Amino acid sequence: DDYVRYHTAISYAGKTQANRCIEDLRLVEKYALEKSYIKKTVCHFKKKELNKELKRIEASDPYTLDEYKRFRRSALKIAKKHPHLKTSCFALLACPNLGARSKSMLFPLPWDNVNMVSNEVKFHDTKNDETITLKFKSSIKAIFRIMLNVRHALNPKDARYKYVFPTLRKS
């Protein structure tokens, strides 16, 4: 009964933390049982009684709709006011639209991996060396069209020409 209230109280702060605390209590009781400090364990939780934990890929959206609108407005305002930061702003706008891809996966994305006809992006350098193919929406397609204009402004002999989001420096 006390453990249930303890789990409920911690669940207000964080659902996964509450499950971890109960798991720690269960391990402490198991150790105490092995050392004969207690006669039986009382910390028993069924899987249904614990909070549901999302897997890494099933994570909830990082922004609410209102936060994303403010983020979008700010990025577009910065891109207009400071043209040299345009590439960075559009790359950051593309991150949440491509299934929570990190900027470290997005900045080295070459144009060869973007198929504008079938609306697909391929990411080759992933943690487990598998190719990830993602379909993208019209909002990301608009960002890619803007980045195509940036690409055409570059010299084709420039190394940055092959990347969707080229760096500011030529190095």
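These legends describe close-up views of one predicted model.

**Figure 1. Overview of the chain.** The chain contains six helices and three strands. Read along the sequence, these elements come in the order α-α-α-α-α-β-β-β-α. Of the 171 residues in the chain, 28% are buried.

Figure 2. Helix α1 covers residues 2–13, which makes twelve residues. From its first C-alpha to its last, α1 reaches 18 Å, close to the 16 Å expected at 1.5 Å a residue. His7, Ile10 and Ser11 are the buried residues of α1. They cover an arc of only 110 degrees around the axis, so they sit on the same side of α1. Asp2, Arg5, Tyr12 and Ala13 are exposed on the other side of the helix.

Figure 3. Arg5 and Asp2 form a salt bridge, and their closest N and O atoms are 3.1 Å apart. Both residues lie in helix α1, three residues apart, which is about one turn of the helix. Arg5 has a relative accessible area of 52% and counts as exposed, and Asp2 is exposed with a value of 58%. A search of the whole structure finds three salt bridges. Side chains of opposite charge can pair when their charged atoms come close.

Figure 4. Arg26 is partly exposed, with 34% relative accessibility. Glu23 is also partly exposed, and its relative accessible area is 35%.

Figure 5. Tyr31, Leu33, Tyr37 and Ile38 make a nonpolar surface patch of about 420 Å². Leu33 belongs to helix α2, which runs over residues 15–34. With a relative accessible area of 37%, Leu33 is partly exposed. Ser36 lies in the loop between α2 and α3. The phi angle of Ser36 is near 65 degrees, a positive value in a residue other than glycine. Ser36 is exposed, with a relative accessible area of 61%.

Figure 6. The 17 residues of α3 should span 24 Å at 1.5 Å a residue, and the end C-alpha atoms are 24 Å apart, which agrees. Tyr68, Ala75 and Ala79 are buried in α3. Seen down the axis, the buried residues fall within an arc of 35 degrees, so they line one face of the helix. The face turned away from the buried side carries the exposed residues Arg73, Lys77, Lys80 and Lys81. Asp66 forms a salt bridge with Arg70, with the closest N and O atoms 4.0 Å apart. Asp66 and Arg70 are four residues apart in α3, about one turn of the helix. Arg70 counts as partly exposed, at 45% relative accessibility.

**Figure 7. The largest nonpolar core.** This core has 25 residues. Those with the most contacts inside it are Val114, Ile143, Phe144, Met147, Val164 and Phe165. The elements that give two or more residues to the core are α3, α4, β2 and α6. The largest share, six residues, comes from α4.

**Figure 8. The loop at Asn119.** Asn119 is in the loop between β1 and β2. Although Asn119 is not a glycine, its phi is positive, at about 55 degrees. Asn119 is partly exposed, with a relative accessible area of 23%.

Terms used
Residues are numbered from 1 along each chain as its sequence is written. This is a predicted model: local features need pLDDT of at least 70, side-chain atom pairs count only at pLDDT 80 or more; totals for chains, interfaces and linings use all residues. Side-chain values use heavy atoms; hydrogens and water are left out. Patches are made of residues with over 30% relative accessible area and no salt bridge: like charges are joined within 9 Å, nonpolar side chains (Val, Leu, Ile, Met, Phe, Trp, Tyr) within 5 Å. Accessible areas come from the Shrake-Rupley method with a 1.4 Å probe; for residues, only the protein chains shown count as cover. A salt bridge is a side-chain nitrogen of Lys or Arg within 4 Å of a carboxyl oxygen of Asp or Glu. Buried means under 20% relative accessible area, exposed over 50%, partly exposed in between (1.4 Å probe, protein chains only). A nonpolar core is a set of buried Ala, Val, Leu, Ile, Met, Phe, Trp, Tyr and Cys residues joined through side-chain atoms within 4.5 Å. The expected span of a helix is 1.5 Å times one less than its number of residues. The arc is that of the directions from the helix axis to the C-beta atoms.
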